[in-house]
Amino acid sequence: MTVRGSFPVIRRLVSVQHLHKWCSSRVQKAPLVYTPLSYNVSVIHQHRFFRTSYAAAGPILQFKLSDIGEGIMEVTVKEWYVKEGDRVSQFDSICEVQSDKASVTITSRYDGVIRKLYYDIDSIALVGKPLVDIETDGAGEQTPDQDVMETPTVSLEEHTHQEIKGHKTQATPAVRRLAMENNIKLSEVVGTGKDGRILKEDILNFIARQTGAILPPSPFHEIQPPPPAPAAVAKPKEIRPSPSIPAPVAPRPVFTGKDHTEPLKGFHKAMVKTMSAALKIPHFGYKDEVDLTQLVRLRSELKGVSESRGVKLSYMPFFIKVTSSYLAAHNIGLAMDTPQGLLVPNVKNVQMLSVFEIAVELNRLQSLGAAGQLGTAELTGGTFTLSNIGSIGGTYAKPVILPPEVAIGALGKLQVLPRFNAKDEVVKAHIMNISWSADHRIIDGATMCRFSNLWKSYLENPGSMVLDLK
Ligand code: CO6
């Protein structure tokens, strides 16, 4: 139903929504943009020609940001230790990058001259994309298999075990991952590689020394019983167990599971960004219960009619219609549990649709969602969201606002419960709880309370909808 302008509460929601949209569009324009540079060989050589007369120059190589582990796909460039034209050697520090987990110093894998820095300070650098171009020294340049990173100087997560103030270690990402997976601090491992670089063998030897563990490359690590103590090996005859003491039973191998770190992708990654943006919104919650006894009756009357037209009629079309009470275009989003995860498609222009038409569109969105075919058209432009968590279970929720919207409602499970009627008699009632969250910068509690009361009154007296329905 459309009740535009006739309620002060609704007018306030309209104006604040516009204000909020304006603010949010600015927030959404925040960086997170990476422009990959496609290189053309002639351009590189021209660049070289003008910038250097370096005689023994080799090819210009793109030094790419290697996999840092822990599913990190992008980092922020915090500091450059080199500038264009600087000469670097292998393992010289190039820059400091920061992920949401740690700060890492990236070191050079080549000897040569820095020809190009790809990012400004505070830009987002992507794993696998070029960081710098290095004009290497001669054609026979050594190219180690993997980029080398120095130990993070600031570790934000305890389990990385890589914070060693004033002491830097060198190891490839694969070696770091091996150390991390086995809870080993790199600072405690003696590196036997070039310039003290820690090799995979160093980690395996460290584990063997500590626990006697042998780590086969399988999903499970079989921890072998420790080898005999050196003293026992050196002086076997001095240790004579008494005949009365039973021979020690060989400890059984212990199997430890192996955790996997999965990078966040697709819609899940988008959820991280949206919900992180939502964290900046000061949410307040407002909850109430709604007696849907009459609506339950009404729906059961209309359900058969709807089904005879080939459309499933749940309660959602009613909830959506009643929520459609503000803004010029009422695109009511609904949280949908799909095989791809949580998605929020919206029903466009609800102000122009009947309950039946909403049900038709809802059925279409559900089919698309189940088939993994919801697209940008369905997923953008929402103005208000309802989340029917009650279709899965639960009574109350604390829904999180989907920016740039300013409010959201979570519907609880519809339950049959005893309630008192106007004559003080206990009656069987169909009760559903509604949990609203609103942006307190824009909406105050009283506004939300009035809005909720209006919403509730339409649903508790569905006959009254007929008066205002468009
Ligand atoms: N209570 C009791 N029964 C319900 C309810 C509630 N709340 N909701 C639906 N139903 C009934 C519904 O009437 C149907 O009954 P019959 O017609 O008699 O068979 C039946 O359950 C199935 O309904 P269906 O789910 O198919 O359709 P509906 O239109 O109600 O819901 C949907 C569509 C897309 C919202 C739903 O399928 C869905 O995906 N729900 C999950 C939404 C979700 O994941 N929300 C969590 C988001 S995160 O909010 C969040 C704050 C956190 C917790």
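1. Strand β14 makes the largest contribution to the shell around the ligand, supplying four residues. The ligand is surrounded by 24 residues, and the closest are Lys312, Ser314, Ser387, Asn388 and Leu414. At least two residues of the shell come from each of α7 (293-308), β14 (332-338) and α9. Helices (H or I, at least four residues) and strands (E, at least two) are DSSP runs, numbered from the N terminus.

2. The model is predicted, with local features requiring pLDDT of at least 70 and side-chain atom pairs counting only at pLDDT 80 or more, while totals for chains, interfaces and linings use all residues. Residues are numbered from 1 along each chain as its sequence is written, and side-chain values use heavy atoms, with hydrogens and water left out.

3. The make-up of the ligand shell can also be given by class: 11 residues are nonpolar, seven are polar and six are charged. In this scheme Ala, Val, Leu, Ile, Met, Phe, Trp, Tyr, Cys and Pro count as nonpolar, Asp, Glu, Lys and Arg as charged, and the others, Gly among them, as polar.

4. Which ligand atom lies 2.8 Å from a polar side-chain atom of Asn388? The atom in question is a nitrogen. For Gln366, a polar side-chain atom lies 3.4 Å from a ligand oxygen. The protein buries 73% of the 1,100 Å² that the ligand exposes when taken alone. Accessible areas come from the Shrake-Rupley method with a 1.4 Å probe; for residues, only the protein chains shown count as cover.

5. Charged pairs form the next topic. Side chains of opposite charge can pair when their charged atoms come close. The whole structure contains 11 salt bridges, each defined as a side-chain nitrogen of Lys or Arg within 4 Å of a carboxyl oxygen of Asp or Glu. One of them joins Glu289 to Arg419, at 2.8 Å from N to O. This pair connects distant parts of the chain, with Glu289 in strand β13 (residues 283-291) and Arg419 in strand β19 (residues 415-420), 130 residues apart. Glu289 is partly exposed, at 27% relative accessibility, and Arg419 is partly exposed at 27%. Buried means under 20% relative accessible area, exposed over 50%, and partly exposed in between (1.4 Å probe, protein chains only).

6. Arg364 takes part in a salt bridge with Glu361, their closest N and O atoms being 2.9 Å apart. Both residues belong to helix α9 (residues 355-370) and are three residues apart, about one turn of the helix. Glu361 is buried at 18% relative accessible area, whereas Arg364 is partly exposed at 37%. A salt bridge also links Arg364 with Glu378, at 3.6 Å from N to O. Because Arg364 lies in helix α9 and Glu378 in helix α10 (residues 376-379), this pair ties together parts 14 residues apart in sequence. Glu378 is buried, with a relative accessible area of 12%. Elsewhere, a network of salt bridges links Asp288, Lys456 and Glu460.

7. The Ser108 side chain reaches the backbone oxygen of Tyr110 at 2.6 Å. Apart from neighbours within four places in sequence, the contacts of Ser108 (heavy atoms within 4.5 Å) include Phe63, Val88, Phe91 and Ile134. Glu405 lies in the loop between β17 (384-387) and β18 (407-411) and is buried at 4%. The side chains of Glu405 and Thr385 are joined by a polar contact of 2.8 Å. A polar contact is a pair of N or O atoms within 3.5 Å; within protein, one must be able to donate a hydrogen and the other to accept it, and residues adjacent in sequence count only if both atoms are side-chain atoms.

8. Finally, the chain as a whole. Its secondary structure comprises 12 helices and 20 strands. Of its 470 residues, 41% are buried. Among contacts between residues at least 6 apart in sequence, 65% join residues at least 24 apart. The accessible surface of the chain is about 25,300 Å², with 57% belonging to carbon and sulfur atoms.

Definitions and conventions:
A residue is near a molecule or strand if one of its heavy atoms lies within 4 Å of it.
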